[in-house]
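Hi,

Here is the structure I promised to pass on.

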Amino acid sequence: MPSLSKKISVTAILCGSIFFSATEFTNEAVAKNAKVYVQAGVESADQYSQLKDPIIIDQGRILLPIRDISDQLSLNVQWNQKTKSVTLYGVNKEIKLTLGSITAYVDKKKVTLDVPPQMEKSKIYIPLQFVASSVKQKVTWDRSLKEITIPRTYAKGTENQMTYWIKLSTGELYQAKGNQIGTKIGNVSNKFKTMKDFQVENIAAGTYYLRMNENYGMSGTSRNTGQALVKNGKVLDEDSFSFMGYYPDTTLHKSHANVLMTNGKKARFLDKNGVVKAEYHLTDMMQKDEIYMVEHYNQRFMILREYASQHLIVYNVQSEQAVYVHEMISLPESEKDDLEQAGLDRNNEMERDHIIIFDRIIDGIMTFQYKNKSDNVVNTYTLDLSQVR
């Protein structure tokens, strides 16, 4: 991957648009003013994706399909068939363009484009640099690699016409209903690095549960996660944590009608109004300073996973007693030894398949699945909850 300085060296920014000399495309066009079609990719936040449709280079300016630009710049889109116009909505920003017209509007202010939006194979293409600069983003083009670099500033999540944006570098949280610009409503405590989108769930009228997760760094082993509960444009509660490791975050989202907020060491369940219905100090319960995933919860029992060792734990909420599942079920001794050894060796990357998986609870019996290392056969094991006193 070339350096940013190298990419900038092959890019000229002229009059707010990306401009290229005619000689750069001698193999693709005979004149600067000719329209060129190029299959290209996009690099954003160290993540690369190949664009399905070709980009258009018209008079030295890059045009992309509306959906590609809105996706890469975290914008909402509204198309007006009657006026043949498209409006893009983002954080504190509204951009309006019309098919075939060089007149555009940014926050209601008139702007003149170098090239107009145009129809190509039933798709509307709009100028990339104009939209990017309108939202204060600087894009670069690497001609040799056929690659556009677009910085990632926001992650976006949408549900039921409600959109949320998180500014990655600060954790600022923005909200917009329908076709409106995003306005700030609060903050989340974690600062994310590469996240592009996140989950939003409408759990009650005006109440939304946000769940964020990202992997980054070498082999994707650096992880950020978080949750937030928003009601009527107000952040009722939020929490997050960061951790390193080979395994994903397996924490559940909800238990019955309550949502989970956790920093990996404490966990609390909130109702739709943000009232705490149950709270647990996970490290105190286990008497070990670890990150714990909450994989199941009811008023009697909780299933925890100790992240570093990937050991599964059953915790009796009423008696406040915990047991490690691999010690209680009828695993072969060799398998128990392997699990124990892997748990002690913090640099050991256990195979993802060879961990104990919680299945379900029926009539006081918990069932678990485990792929034995000796034969790679997935077997089902049971644990009578009366044993966890």
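Before the notes, one term: a polar contact is a pair of N or O atoms within 3.5 Å; within protein, one must be able to donate a hydrogen and the other to accept it, and residues adjacent in sequence count only if both atoms are side-chain atoms. This is a predicted model, so local features need pLDDT of at least 70 and side-chain atom pairs count only at pLDDT 80 or more, while totals for chains, interfaces and linings use all residues. Residues are numbered from 1 along each chain as its sequence is written, and side-chain values use heavy atoms, with hydrogens and water left out.

On confidence: pLDDT is the predictor's confidence in each residue, from 0 to 100. The protein chain averages 89, and 89% of the residues score at least 70. Over residues 1-31 the pLDDT is below 50, yet this stretch has 58 contacts in the model beyond near neighbours in sequence (contact means heavy atoms within 4.5 Å).

Now to Asn-224, which sits in strand β23 (residues 222-231). Helices (H or I, at least four residues) and strands (E, at least two) are DSSP runs, numbered from the N terminus. Asn-224 is buried, with a relative accessible area of 2%; buried means under 20%, exposed over 50%, and partly exposed in between (1.4 Å probe, protein chains only). Its side chain makes a polar contact of 2.7 Å with that of Glu-214 and another, of 2.4 Å, with that of Ser-242. Leaving out residues up to four places away in sequence, Asn-224 also touches others, including Asn-190, Phe-192 and Tyr-216.

Next, the cores. A nonpolar core is a set of buried Ala, Val, Leu, Ile, Met, Phe, Trp, Tyr and Cys residues joined through side-chain atoms within 4.5 Å. The largest has 31 residues, and Ile-55, Leu-88, Leu-97, Ile-126, Val-131 and Ile-148 have the most contacts inside it. Helix α3 (residues 128-134) supplies the largest share of this core, four residues. Apart from it lies another core of 23 residues, Leu-229, Met-285, Tyr-297 and Ile-313 among them.

Strand β10 (residues 93-98) runs antiparallel to β11, joined by three bridges, with Lys-96 opposite Tyr-105. Their hairpin has four residues between the strands, and Gly-100 takes a positive phi near 80 degrees. β11 also pairs with strand β12 (residues 109-112), again antiparallel, over four bridges, and here Ala-104 has Val-111 as its bridge partner. In strand β11 (residues 103-106), Ala-104 and Val-106 make up the covered face, and Thr-103 and Tyr-105 the uncovered one.

Finally, some backbone angles. Most residues other than glycine have a negative phi. Asp-107, in the two-residue turn of the β11 and β12 hairpin, has a positive phi of about 50 degrees. Lys-146 has one of about 55 degrees; Lys-146 lies in the loop between β15 (140-142) and β16 (147-149) and is partly exposed, at 26% relative accessible area. For Asp-363 phi is near 50 degrees, and this residue, in the loop between β33 (357-362) and β34 (365-371), is exposed at 77%.

Cheers

Methods. Pairing = 2+ DSSP bridges.
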